[in-house]
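Please go through the following briefing on a predicted model with the coordinates at hand. The points are grouped by topic.

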Amino acid sequence: MGLPQRRWSGPLNVTADLHIHTALSPCGSLEMSPRAVAASARSIGLDMIAVTDHNSMANVEATVEAGRREGVVVIPGMEVQTAEGVHVLCYFPDCDVARSCYEGIYPHLPDIANNADFFGDQVVVDIDDNVIGFEPRVLLNSLDLSIDELVAGVRAIGGEVIPAHVECNGFGLLPHLGLVPPNLDLSVLEIAWPHSREDVIRDYPDLAGFSLVSHSDAHYLRDIGRAAMRMEMAERSFSALFKAYREGCGRIVYRHREDS
Ligand SMILES: [Zn+2]
Ligand SMILES: [Zn+2]
């Protein structure tokens, strides 16, 4: 009889980029198909990614499947634009939960037709790079849902929220609201590549008490992973990742420089 099989149970080193757009986002390049995004993530050594298109998750399922084939964990997500004009990254434990959020917020998206010549096409793509549809409403628009309503709704179905690029004039929480609303009970905030933690805290000293993370906000394949989080985790899962984020275990890694 052979020795019993033992599995490595120590911590895993994980590199994660949780803010990536696909061709569905009007500003996302058409090269950003689910298959190409997953393959690029694997080729540069990312272990976990999230697809976060503006106000939609129509390309999430295909990217989750593409990630499965490539050995990359893909967290279902969306980058939602609240009534205040603030971008909030929303993450979900699985595609069904993501879809239920999407179906809940879609009626709150203004029914304004996308002008493809101006904004670009909003393309729904399957796992084999086939175009299977176009989102008719312009996605880069504010919902008629407040940030309070959004955060409460996402948490009620088991999702996680991280305000995106909080220090940026374009859609960042701090320039719009002036502070991190204490009633939202936020502990993790995203800062934008290539800003350092120290630079942002110098401008907004109150952020010193938050877990600050950074991601690529990639709209082109070449930008995937230009900002990522590196940390040790027990497993590559949704719950382990957000536990590590909340505990501030991650280290921001930029492609051109590293911040500890
Ligand atoms: Zn944004
Ligand atoms: Zn974005």
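D185 is exposed, because its relative accessible area is 61%, where exposed means over 50%, buried under 20% and partly exposed in between, computed with a 1.4 Å probe on protein chains only. D185 lies in the loop between α6 and β8, and its phi is positive, about 55°, although it is not a glycine. This is a predicted model, in which local features need pLDDT of at least 70 and side-chain atom pairs count only at pLDDT 80 or more, whereas totals for chains, interfaces and linings use all residues. Residues are numbered from 1 along each chain as its sequence is written, chains are lettered from A and ligands numbered from 1 in the order in which they are written, and side-chain values use heavy atoms, with hydrogens and water left out.

**Backbone geometry**

- Most residues other than glycine have a negative phi, and most peptide bonds are trans.
- F171 is another residue other than glycine with a positive phi, near 70°; F171 is found in the loop between β7 and α6 and is partly exposed, because its relative accessible area is 31%.
- The peptide bond from W193 to P194 is cis, with omega near 5°, and P194 has its place in the loop between β8 (188–192) and α7 (197–203).
- Helix α8 is followed by G248, whose phi is positive, near 70°.

**The zinc ion (ligand 2)**

- The zinc ion (ligand 2) is coordinated at 2.1 to 2.2 Å by H19 (NE2), H21 (NE2), E79 (OE) and D217 (OD); donors are N, O and S atoms within 2.8 Å of the metal (3.2 Å for Na, K and Ca), and since water is not among the atoms, sites may look incomplete.
- The arrangement around the zinc ion (ligand 2) is irregular because its four donor atoms subtend angles of 81 to 176°; four donors count as tetrahedral if all angles lie between 85 and 135 degrees, four count as square planar and six as octahedral if opposite donors are over 155 degrees apart and all others between 65 and 115, and anything else is irregular.
- Along the sequence, the donor residues of the zinc ion (ligand 2) have the spacing H-x1-H-x57-E-x137-D.
- Distant parts of the chain are linked by the pair of H19 in strand β1 (residues 12–20) and E79 in strand β3 (residues 73–81), which are 60 residues apart.
- H19 counts as buried because its relative accessibility is 0%, and E79 counts as buried at 1%.

**The zinc ion (ligand 1)**

- E79 (OE), H87 (ND1) and H165 (NE2) coordinate the zinc ion (ligand 1) at 2.1 to 2.2 Å, with the spacing E-x7-H-x77-H along the chain.
- The zinc ion (ligand 1) and the zinc ion (ligand 2) lie 3.6 Å apart and are bridged by E79.
- H87 lies in strand β4 (residues 87–91) and H165 in the loop between β7 (160–163) and α6 (173–177), so this pair ties together parts that are 78 residues apart in sequence.
- H87 is buried, with a relative accessible area of 2%, and H165 is buried as well, with 6%.

**Helix α8 and its aromatic pairs**

- The buried residues of helix α8 (residues 238–246) are F238, A240, L241, F242, A244 and Y245.
- The structure holds five aromatic pairs; rings of Phe, Tyr and Trp (its six-membered ring) pair if their centres lie within 6.5 Å, and planes under 30 degrees apart count as stacked, over 60 as edge-to-face and the rest as tilted.
- One of them is the tilted pair of Y91 and F242, at 5.3 Å centre to centre and 45° between the planes; Y91 lies in strand β4 and F242 in helix α8, so the pair ties together parts that are 151 residues apart in sequence.
- F238 and F242 also form a tilted pair, at 4.9 Å centre to centre and 55° between the planes, and because they are four residues apart in helix α8, about one helical turn separates them.
- Ring pairs link Y91, F238, F242 and Y245 into a cluster.

**The chain as a whole**

- The chain contains eight helices and 11 strands, which are DSSP runs (helices H or I, at least four residues; strands E, at least two) numbered from the N terminus.
- Of the 260 residues of the chain, 55% count as buried.
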